[in-house]
Amino acid sequence: MKKYLILLLLAVACQSEKVAPPAPVESVPSERQLAWQDMEFYAFVHFNMNTFTNMEWGMGDEDPKTFNPSALDCRQWARVAKEAGMKGIILTAKHHDGFCLWPTATTDHSVKSSTWKDGKGDVLKELSEACKEYGLKFGVYLSPWDRNNEDYGTPEYIEIFRAQLRELLTNYGDVFEVWFDGANGGTGYYGGANEERRVDKKSYYDWENTYKIIRELQPNAVIFSDAGPDVRWVGNEEGHAYKTTWSNLLRDEIYGGMPNYHTDYADGQEDGTHWVPAEVDVSIRPGWYYHEYEDHKVKSLPELLDIYYESIGRNGSFLLNFPVDKRGLIHERDVEQVLKLAEKVKEDFANNLARADLDVSATVERGHGFEAEMVLDDDPATYWATADGEVSGALTISFGEPTTFNRFLVQEYIPLGQRVKAFTVEAETEGGWEQIADETTIGYKRILRFPDVTATAVRFTVKDAKAAPTISKVAIYNAPKVVLAPEIKRTVEGMVSLEVPDQGVDIYYTTDGSDPSESSNKYEGAFEIKTAHTVKAIAVDKTSGKVSEPSRADLDLAKVNWEVIGGGEKAAQAIDENDYTNYISESDEIVIDLAEAVSLKGFTYMPMQNRYMSGVISHYDFAVSTDGKQWKTVSAGEFGNIANSPIEQKISFDAVPARFIKLKATKTLDGKEASFAEIGIITK
């Protein structure tokens, strides 16, 4: 027995003593910021008076009775968020128009004056209870600007605003985030004054003392605004952080609504004085509030995937907005797309190829407790680190056999601060070591996407850092391809291209309207179609065996020789095969020379596709001519439901000879000059 005890004591004595961890590099996150960072993906819900007035920013003069959802179901919101992998929901409790979704004691401009539930409803209560039921965190958006309140702009309003804040933070349980918009001050109703009121955005709200209320009532809640103090705006609403994104911010130089914030501060600063990480807020539709005419503009799976990888994958969080509709539900199309995203994200990260049993080595290590293998152990509290003063070093992970991958994930141990300033990723292929990425910051999480690489080893190199790098995780994945129906495009010259989101996916097509298969034409590059044909196409991933639904495009005569008669330089944008350019006609009409006589059986009109549309034609007159002088109206009437569904309109009629066509607006939706995104003809 003594022999075994001596051997045990010798073994312990021979073990390396664990060395001290690196010193923090200021600034560092608080506990509430760390908890927020781990959420990664959560929901925004814009639902308020604007939903019922079809506005984005209400004026504050709305009748509270207008708010009357027919089937409000906050449990549906929570269920969708949960199924999508989200961790919480933030609700617009009060937007700029001042209408409150809870029965506040501060104003009658609230649900207590609405017809919904006879004025006895409380959306905040229903959502907070739904979040608890589904295990989600609950957050609130409270607009500092109030275009309804007569006291806005005076010291009295600040007390009203703070009273509203206290109600929200006292009556609805735990709150994980309080969201303050940077938009404040301007024209408004203001109790009937109907005037413009400007405030000093930096000092008017006395933010220091306002924040104290949150710290007192909800100490674990993070506070969001342009300047934080806990979480900052990423500086755009398109859905991306930046390739270089620091969580450090020169916070004391910034205030909410600062004009140059998005250009000078949004990506953070290496020498930032405070830890204020970026939140990427973006709507699943063009607008933040629900508009029926955007039902066809819900973001596609490839768009949502790009946002996921360029938010969470670039040291940010992902706040995805649902514009809840007039029923009080997340619309079916929004649900469909966010669940597609959830399924694809789960698929992309299902199998980590950097397993804990693989061989991993480092060019330099700090010592016991900070070895290279810490990056593969799936414990966020352990990490590989270098010695003090060593600001570079490399990790090599060996697969043991050729392995294909297309994603690389790396995380820093951020409780000690963000450190890495530059890094590379290399793969050992048949041709030797090849660089596949040369990047800058990491932070909480960085995810790289690239074409398939087959290699026996991967080398991650920190080229430069603010101090000894601390890397808590490295993961490698082979994400399956996105297999969606190909997008069919044609140029003015008649060249047809077929596009899919991912490389390595085959495309097959037909030009006679028949259903394509793998025995059809394989797409190798653009092909010419100048006359009327129906193109159908499918995408096929040979690796997974997935086959997309077919896409279809009914093409007619190519527009290569067409000419808009009169109208100026921009008139050609109506026939440029680009739905996102527009021609606005002062005469409310467009005349086109088709360059040859045709037997015409109809026409197409694509309305403006901008976020804020104008001049959309609701009633029209369509005429033809063989000489450009004598005109005959062959169709006149109304584009059905174009206000709510502004997609391509197709009008057919009996065949007539024509070389010239004229589409005239007899009425537009907003009374403004007629706009034309694209005009086409039907000859088949």
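Start by selecting Arg 446, which is buried, with a relative accessible area of 3% (buried means under 20% relative accessible area, exposed over 50%, and partly exposed in between, using a 1.4 Å probe and protein chains only).

Before moving on, a word on what you're looking at. This is a predicted model, where local features need pLDDT of at least 70, side-chain atom pairs count only at pLDDT 80 or more, and totals for chains, interfaces and linings use all residues. Residues are numbered from 1 along each chain as its sequence is written, and side-chain values use heavy atoms, with hydrogens and water left out.

Zoom out for a moment. The C-alpha trace spans about 115 × 70 × 40 Å along its principal axes, and 56% of the 684 residues count as buried. The chain has ten helices and 34 strands; these are DSSP runs numbered from the N terminus, with helices being H or I of at least four residues and strands E of at least two.

Select Asp 230 and Arg 215, whose side chains meet at 3.0 Å, N to O. Asp 230 sits in the loop between β7 and β8 and Arg 215 in helix α7 (residues 207-217), so this pair ties together parts that are 15 residues apart in sequence. Asp 230 is buried, at 3% relative accessible area, while Arg 215 is partly exposed, at 26%.

Next, pick Lys 559 and Glu 678, another salt bridge, at 2.9 Å from N to O. Lys 559 is in the loop between β26 and β27 (563-564) and Glu 678 in strand β34 (residues 678-682), so the pair ties together parts that are 119 residues apart in sequence. Both Lys 559 and Glu 678 are buried.

**A buried Asp with no salt bridge**

Go to Asp 226, in the loop between β7 (222-225) and β8 (231-233). Which side chain of opposite charge is nearest to Asp 226? Lys 201, but at 7.8 Å, and Asp 226 is buried with no salt bridge (Lys and Arg count as positive, Asp and Glu as negative; His and the chain ends are not counted). Its side chain does reach the backbone nitrogen of Gly 257, at 2.9 Å.

**Helix α5**

Select residues 123-133. The buried residues of this helix are Val 123, Leu 124, Leu 127, Ser 128, Ala 130 and Cys 131. Looking down the axis of α5, you'll find them within an arc of 160°, so they line one face of the helix; the arc is that of the directions from the helix axis to the C-beta atoms. At the N-terminal end, Asp 122 caps α5, with a side-chain oxygen 3.1 Å from the backbone nitrogen of Leu 124. After α5 comes Gly 135, with a positive phi near 70°.

**Last stop: a sheet**

Four strands form an open, antiparallel sheet in the order β23-β22-β25-β26 (two strands pair if DSSP finds at least two bridges between them). Its edge strands, β23 (521-522) and β26 (551-555), each pair on one side only. Five bridges join β25 (residues 533-540) to β26, and Lys 536 stands opposite Arg 552 in β26.

Terms used
A salt bridge is a side-chain nitrogen of Lys or Arg within 4 Å of a carboxyl oxygen of Asp or Glu. A polar contact is a pair of N or O atoms within 3.5 Å; within protein, one must be able to donate a hydrogen and the other to accept it, and residues adjacent in sequence count only if both atoms are side-chain atoms.
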